[in-house]
Amino acid sequence: METSLRTPWIVGVSGASGTPYAAAVLRGLLRAGEAVDLVVSRAARLTLLDETGHPFRDAHWRDDLRTWLTRGADGKDGHFDLEPADLADVRFWAAGDLAAGPSSGSYPVKGMLIVPASTACVAGVALGLSKDLLQRAASVTLKERRTLVVAVRETPLNGQTLKHLVTLDEAGAVVLPASPAFYAGARHIQDLVDFVAGRVLDAAAVPHQLYRRWEGELGSAGSS
Ligand SMILES: Cc1cc2nc3c(=O)[nH]c(=O)nc-3n(C[C@H](O)[C@H](O)[C@H](O)COP(=O)(O)O)c2cc1C
């Protein structure tokens with residue numbers, strides 16, 4: 001009898017500012033019916049606590065994830081209609097677990113989205129350091145020629161990071177700065193967050209309705 005193979009997206013959350021971007025990407029993947037394998041770096045736990053006031057603990061990851069995903073970018077409870085069943089196909093791997101599934105190229109995944117990506121993480125992946133599961137999974141994603149999206153968040157950028165980003169681009173990753181646009185009619189912080197999350201999902205070809213797409217201005221001068 002044929003059984004369908006679970007092929008999740010790996011979502012790597014590193015310690016850059018921007019944990020609301022990660023929450024929005026996770027929601028988008030779950031709404032699209034995608035399975036998710038989640039890897040949260042040690043540093044990301046600190047940023048998460050700073051940015052949301054909520055801890056993320058290995059032993060209570062499902063509860064903590066639910067709390068995290070139901071918060072808006074302003075830190076208040078958002079209208080994110082997630083049910084406990086929505087988290088049923090999420091797997092969580094501890095960042096220090098280098099024997100975890102995503103450490104191996106034979107573990108079936110669609111690809112990996114690093115949201116947000118710290119400059120330390122960018123350096124580690126560009127140099128192939130594999131210092132934790134997040135970096136190892138990213139290196140594996142590149143060697144297996146799978147989709148790797150790196151939503152880097154830092155400003156300004158030094159020359160070293162720029163070189164690392166070029167290395168990642170040349171290795172086949174999509175370098176996607178967490179840089180929201182304002183043309184999509186943003187009125188709230190969450191709209192800006194959703195724009196970046198939507199661009200991440202675009203790069204992974206995952207359907208979503210996180211932002212209003214630019215369709216041009218029909219009827220304007222010169223359009224005939
Ligand atoms: C509150 C806070 C915000 C941070 N924001 C950023 C950031 O936006 N970009 C960045 O590259 N590093 C940022 N850092 C530093 C990273 O957390 C640090 O470099 C860490 O070593 C990254 O480790 P990781 O890549 O294993 O998660 C921040 C740290 C803290 C505590």
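A polar contact is a pair of N or O atoms within 3.5 Å. I began with this definition in hand, and I note that the model is a predicted one.

**Entry 1: the ligand**

A polar side-chain atom of serine 41 lies 2.6 Å from an oxygen atom of the ligand, which means that the pair falls within the 3.5 Å limit. I found a polar backbone atom of serine 17 at 3.1 Å from a ligand oxygen atom. For arginine 153, I recorded that a polar backbone atom is 2.6 Å from a nitrogen atom of the ligand. I then looked up the accessible area: the ligand on its own has 650 Å², and the protein covers 69% of this.

I next listed the surroundings of the ligand. The shell holds 15 residues, and the closest are Gly15, Ser41, Ser118, Thr119 and Arg153. By class, I noted seven polar, four charged and four nonpolar residues in the shell. Which helices each supply at least two residues of this shell? I recorded α2, residues 42-52, and α4, residues 119-126.

**Entry 2: the sheet**

I traced the order of the strands. Six strands make up an open sheet, which runs β3-β2-β1-β4-β5-β6 with parallel pairing.

Strand β4, residues 111-117, pairs with strand β5, residues 147-152, in the parallel sense, and I recorded five bridges between them. Within this pair, leucine 113 stands opposite valine 149 of β5.

I also looked up helix α5, which spans residues 133-143 and packs on the sheet. I listed its contacts as β1 (9-13), β2 (36-40), β3, β4 and β5. The direction of α5 makes about 135° with that of β4.

**Entry 3: the backbone**

I looked up cis peptide bonds. The bond from valine 115 to proline 116 is cis, and I noted an omega near -15°. Proline 116 lies in strand β4. The bond from threonine 155 to proline 156 is also cis, with omega near -5°. I placed proline 156 in the loop between β5 and α6, the latter covering residues 159-170.

I finished with positive phi angles. Serine 130 is not a glycine, yet its phi is positive at about 50°. I located serine 130 in the loop between α4 and α5. Alanine 205, which is not a glycine either, has a positive phi of about 55°. I located alanine 205 in the segment after α7, a helix of residues 189-203.

Key: Residues numbered from 1 in each chain as written. Predicted model: local features only at pLDDT ≥ 70, side-chain atom pairs only at ≥ 80, totals over all residues. Heavy atoms only, no water. Near = heavy atom within 4 Å. Polar contact = N/O pair within 3.5 Å; in protein donor to acceptor, adjacent residues only side chain to side chain. Areas by Shrake-Rupley, 256 points an atom, 1.4 Å probe, with all protein chains shown as cover. Helix = DSSP H or I, 4+ residues; strand = E, 2+ residues; numbered from the N terminus. Nonpolar A, V, L, I, M, F, W, Y, C, P; charged D, E, K, R; others polar. Pairing = 2+ DSSP bridges. Contact = heavy atoms within 4.5 Å. Axes fitted to C-alpha atoms, helices over the stretch in contact; angles between N-to-C directions.
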